[in-house]
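The report below goes through selected features of one structure, with the cut-offs behind each term given where the term is used. Please read it beside the sequence and the coordinates.

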Amino acid sequence: MALLQLSQPFLSDAKNPNFSQINKTLKKPTTILIGRKKPFLHNQLKKKQNLQKLSALAEEISTGLHEEEDQSVIEEVIGKKEEAVSYDWTEEWYPLYLTQNVPDDSPLGLTVFDKQVVLYRDGDGDLWCYEDRCPHRLAKLSEGQIFDGRLECLYHGWQFEGNGKCVKIPQLSTGAKIPQSACLKTYEIKDSQGVVWIWMSHKTPSSTKKIPFFENFARPGFRDISTIHELPYDHSILLENLMDPAHVPISHDRTDFTAKREDATSLFFEVTERNERGFAGNWGRERDRSTPDYIPNFLRFEAPCVLQNNREIVGKNGEKDYFSGLFLCRPSGQGKSMLIVRFGNTRKPPPLLRIFPKWYFHQNASKVFEQDMGFLSSQNEILLKEKLPTRELYINLKSSDTWVSEYRKWMDKVGHGMPYYFGHSTISLPENPAVVEHAPAGFVANFSASQPAKGGIGAMYAPNPANRYFRHVVHCKGCMGVLKSFNAWKKGLLLAALVLAATAILVSGRQWKALLLVSTALCLAGVQICSTAISMNTTNFIRTHRRL
């Protein structure tokens, strides 16, 4: 089910909001603007006394307006600081990849904060994870290959297996032993509920209790659509966006039938839990609170970067259906993040949704993130430029931004244990500037290495983190297979159309000519359908008002 279609239970039964209160608020700024412009634009020669009266009136209205506005803004306790708690970012499990999408025949280069790792399957199908560099000359192992079930560095052919032991060096003299130092630094990984998790610490033993367990995903009959996306902004910006239900009706207006800008309204938030590992609480639309037997949405954020939205809906027969929106975020470097999205429920999908293929919902999810990408990327740039905590930059409203405020305050408590962070009242900038790779690396390089020139597989596939193909398709076996199939069908149908058209020219019988021309038209229609499907999987969404 599409990202927004699956989120429908979280914002269901939408009605037109009441804008009367908003209109009342908007009247005062208009009065201020008129009052201030009169003396300067029309009556510059009026007496000083009149100017003083107008100034006093504007000040009085402005003061009243600020007092009214402050009632809707989250209150700040002057002088209060979040007490720091013990935290080490390496002593956490991070969501590395969807298990089903790990390549079978090539290594996969991934990043957690500034640590580069390589993930691969050996000849027995077991998963292994190492530091992404060869001990020989520091070449990236993710640009290597799987050879005889081992990970091979393509620079000089050194091969590694299992616990990181080097088992082959082609350049060694006869009888010479492999140096003991020629081994890899390994990372512990676990496969849990279809996700590969990585423990980043080499000093502290792993704690499997810290691996999140998602109860709804273990319920009988639970079905989900899981996608993975690489995004060009910081993971904290991403988490802010994901825990912000207020933006959905505006940013994703008419993406499908569940998001409509006229449904934008005030929300309520109730924090039920705060601890050193995150927070949790209930939320929903303010006007729904008085509904009999109303069950609000439940949100939980858990360190280091796990966010889930759950809801129970009780049917007329008393049966419960469970809905979950799960977001597993991984910081993948400065200004970059990777996200695993899992939407699911126990309710049987309506017949109409069953006819849509999975790749359709995947590209729809990509479209949702593209709708947010422009302003989230700019938000990331401004935070880095201003070098200020969000308290100095944001205006957090009680009726929309409570979770964002809670998240940034949580970062105040634990940020000292992160490589860098932007908190509510404190910040810590990256010590080292981000490294920009001008050549594709990891899985991207592996995919393009078989082409005539590295990365030279057409403009549509040019390595670009803002391109839908490289943000999602290369990370999804299903969409990659679909794209290859549509390309093959397109070429076959185009060839068939050419042959049929040429034959129609040569034959003399009118019936045969008509049949061949109709067949040619059908093949060309098939070519158009394939082109449209390819475009849906590889072309970014662009808002209508921004199109040239």
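## Salt bridges

Arg219 and Glu215 bring their side chains together in a salt bridge, at 3.3 Å from N to O, where a salt bridge is a side-chain nitrogen of Lys or Arg within 4 Å of a carboxyl oxygen of Asp or Glu. Arg219 counts as partly exposed at 23% relative accessibility, whereas Glu215, at 53%, counts as exposed; buried means under 20% relative accessible area, exposed over 50%, and partly exposed in between, with a 1.4 Å probe and protein chains only. This is a predicted model, in which local features need pLDDT of at least 70 and side-chain atom pairs count only at pLDDT 80 or more, while totals for chains, interfaces and linings use all residues. Residues are numbered from 1 along each chain as its sequence is written, and side-chain values use heavy atoms, with hydrogens and water left out.

The search of the whole structure finds 19 salt bridges. One of them joins Arg121 to Asp104, with the closest N and O atoms 3.4 Å apart. That pair links distant parts of the chain, 17 residues apart, with Arg121 in strand β3 (residues 115-121) and Asp104 in the loop between β1 (93-98) and β2 (108-112); helices (H or I, at least four residues) and strands (E, at least two) are DSSP runs, numbered from the N terminus. Arg121 is buried, with a relative accessible area of 16%, and a network of salt bridges links Asp104, Arg121 and Lys477.

Helix α8 (residues 402-414) has 13 residues and should span 18 Å at 1.5 Å a residue, and its end C-alpha atoms, 19 Å apart, agree with that; the expected span is 1.5 Å times one less than the number of residues. Because 13 of the 13 residues of α8 are buried, the helix is largely enclosed by the rest of the structure. Helix α4 (residues 235-242) is mostly covered as well, with eight of its eight residues buried, among them His235, Ile237 and Glu240.

A salt bridge connects Arg408 with Glu240, the closest N and O atoms being 2.7 Å apart. Arg408 lies in helix α8 and Glu240 in helix α4, so that this pair links parts of the chain that are distant, 168 residues apart. Both Arg408 and Glu240 are buried.

## The open sheet β5 to β8

Four strands form an open sheet with antiparallel pairing, in the order β5-β6-β7-β8, and two strands are taken to pair if DSSP finds at least two bridges between them. The strands β5 (145-147) and β8 (165-168) stand at the edges with a single partner strand each, so one side of each is left without a neighbour in the sheet. Neighbouring strands of this sheet are turned by 45 degrees against each other on average, direction ignored; the axes are lines fitted to C-alpha atoms, for helices over the stretch in contact, and angles run from 0 to 180 degrees between N-to-C directions.

Strand β7 (residues 159-161) runs antiparallel to β8 and is joined to it by three bridges. Phe160 stands opposite Cys166 in β8.

## Strands around β14

Strand β13 (residues 278-285) is joined to β14 by six bridges in the antiparallel sense, and Phe279 has Phe301 of β14 as its bridge partner. On the other pairing, β14 and strand β15 (residues 306-314) are antiparallel over five bridges, with Leu299 partnered by Asn309 in β15.

Strand β14 (residues 297-302) has a covered face made of Asn297, Leu299 and Phe301, and an uncovered one made of Phe298, Arg300 and Glu302. In a regular strand the side chains alternate between the two faces of the sheet. A hairpin through three residues joins β14 to β15; Pro304 is found in the loop between these strands, and a cis peptide bond, with omega of about 0 degrees, joins Ala303 and Pro304.

## Backbone angles in exposed loops

Most residues other than glycine have a negative phi, and most peptide bonds are trans. Leu138, in the loop between β4 (127-131) and β5, has a positive phi near 70 degrees and is exposed, with a relative accessible area of 56%. Asp148, in the loop between β5 and β6 (150-152), has a positive phi of about 55 degrees although it is not a glycine, and Asp148 is exposed at 65% relative accessible area.
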